[in-house]
Amino acid sequence: MNNIKMFLVRYAEIGTKGKNRYVFEDILCKRIRNRLEALGEFKVWRDFGRIYIEAISDYDYDEAINRLTKIFGIVGLCPVTVAEEFTYDGIKKAALEHFEETFGNAADNKFNGYNFSFKVHSRRVNKDFPMNSMEIDMEIGHDLLEAYESEGLHVDVHKPDVMVEVELRGEKAFVYSRIIPGPGGLPVGTNGKAMSLLSGGIDSPVATYMIAKRGVEMEAVYFNSPPYTSQRALEKVEKLGQIVAQYSGPIKFYNVNFTDIQLCIYDNCPHDQLTIIMKRIMFQIAERLAAKDECQAIVTGESIGQVSSQTMQSLGVIDAAVECPVYRPVIGMDKQEIVEYSQRIGTFETSIEPYEDCCTIFVDKHPVTKPKMFAIEKSEKKLVGKIEELIDKAVETAEEKWLK
């Protein structure tokens, strides 16, 4: 596929945005340019409901596909062959070249060479072209059959294996037949910003991915408890953030030292309430960091009933610690569903590496599952005069870096 110099970007949800569609298209174009910048020189533009990518310089085709198919907003990516001349002979030549490039190597396509059915479908946006759409369909179909029928190519107008698309726009003709799936969603940067509580588990990277897919720019905070948690645990979380950043774009990452706060809670509060109180303070720190960077919400990977701190009662008590909205995109998913999602986006193998985070270190054998707000607030009063300075210090000394 090294001869492919142009791609057509397909989107879906962006097309429903009415008069604001151009805003989403422009942001998507910007995201595409940013992701391809390191691979060479590319031209990216939008034109009448289409987004095109043209390679001006040589580039790594496989890496370009890898990057483009991880950009939110792209539903499909079509490698395109452009006719050198805006004539029927030019279109015919482009169609034959496209077939040779796409299906010529039997080892590289699922149809074993040209043994598949096809149909030609043309869109004649430029009505000045002397042939109508049906005539183009028939003639290109005839030419392709003439070239490859002996190798197994055949026509099926009802359920073809391959749809050969021919588009005539302006003074250009484009031929494409393959749609490489993208992640869908909305371009990151179209729906505000959120702060994710990122741990080393399976759930929170999936939650971060899912919110980013809705066009939300993501930041992340990790609560580190040295020496109870290792440097490898921190590196694991950073690696998870880097995997998600392949889809979401760069993630601003905060590493918060949480050890002194956890020890203070451990020394002053009932141990069966440790997880609830700890999470309430985590949320408060995350809210302060979020406010500093103008994030509008907190994101977590909690799922109802998965562990003791994720019962309906526990989640309600934890949420009451902050004023900003808390989003839990995996709230109704069971563990197997979350695992399958993590495998699909590439975070699972890193998530199951055996490096514990602070939430698993300070867990009581019999934690409260139905906490009462008055009981938690009563316990937290024992922290007054001790915890405030520790929280301020944790926020002020949080280490920042960008995960890409």
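In which helix is T350 found? T350 lies in helix α11, which spans residues 348-351, where helices (H or I, at least four residues) and strands (E, at least two) are DSSP runs numbered from the N terminus.

## Basis of the description

This is a predicted model, in which local features need pLDDT of at least 70 and side-chain atom pairs count only at pLDDT 80 or more, whereas totals for chains, interfaces and linings use all residues. Residues are numbered from 1 along each chain as its sequence is written, and side-chain values use heavy atoms, with hydrogens and water left out.

## The chain as a whole

The protein chain contains 14 helices and 15 strands, and its C-alpha atoms fill a box of roughly 85 × 40 × 35 Å, taken along the principal axes. Of its 404 residues, 51% count as buried, a term that means under 20% relative accessible area, with exposed meaning over 50% and partly exposed lying in between (1.4 Å probe, protein chains only). Among the contacts with a separation of 6 or more, 78% come from residues 24 or more positions apart, contact meaning heavy atoms within 4.5 Å.

The accessible surface of the protein chain comes to about 19,200 Å², of which 49% belongs to carbon and sulfur atoms; accessible areas come from the Shrake-Rupley method with a 1.4 Å probe, and for residues only the protein chains shown count as cover. The mean positions of the 49 positive and 61 negative charges are 5 Å apart, with Lys and Arg counted as positive, Asp and Glu as negative, and His and the chain ends not counted. Each charge is placed at NZ of Lys, CZ of Arg, CG of Asp or CD of Glu.

Strand β3 (residues 50-55) is mostly covered, since five of its six residues are buried. Strand β1 (residues 6-10) runs antiparallel to β3 and is joined to it by four bridges, two strands being taken to pair if DSSP finds at least two bridges between them; L8 has Y52 as its bridge partner in β3.

Strand β2 (residues 42-47) is also antiparallel to β3, with six bridges joining the two, and here K43 has E54 as its bridge partner in β3. The hairpin of β2 and β3 has two residues between the strands, and F48 takes a positive phi near 50° in it.

Strand β7 (residues 162-169) has seven of its eight residues buried, so it is largely enclosed by the rest of the structure. Strand β5 (residues 117-124) runs parallel to β7, joined by seven bridges, and the partner of F118 in β7 is V162.

Strand β8 (residues 172-176) pairs with β7 in the antiparallel sense over five bridges, and E167 has F174 as its bridge partner in β8. In the hairpin of β7 and β8, where two residues lie between the strands, G170 takes a positive phi near 60°.

Strand β11 (residues 217-224) runs parallel to β12 and is joined to it by six bridges, with V256 in β12 as the bridge partner of F223.

In helix α14 (residues 387-396), the residues I387, I391, A394 and V395 are buried. They cover an arc of only 95° around the axis, which puts them on the same side of α14, the arc being that of the directions from the helix axis to the C-beta atoms. On the other side of α14, E389 and E396 are exposed. The cover over the buried residues of α14 includes β12 (251-257), α7 (259-268) and α8 (274-292).

## Other buried helix positions

Helix α5 (residues 203-212) is mostly covered, with 10 of its 10 residues buried; among them are D203, Y209 and M210. T350 is buried, with a relative accessible area of 4%, and, leaving aside its neighbours within four places in sequence, T350 is in contact with K236, K239, L240 and I243.

Y148 is found in helix α4 (residues 133-148) and counts as buried at 7% relative accessibility. Leaving aside neighbours within four places in sequence, Y148 is in contact with L96, F99, E100, Y114 and L153. Y148 and R123 are 25 residues apart in sequence and 24 Å apart in space, C-alpha to C-alpha.
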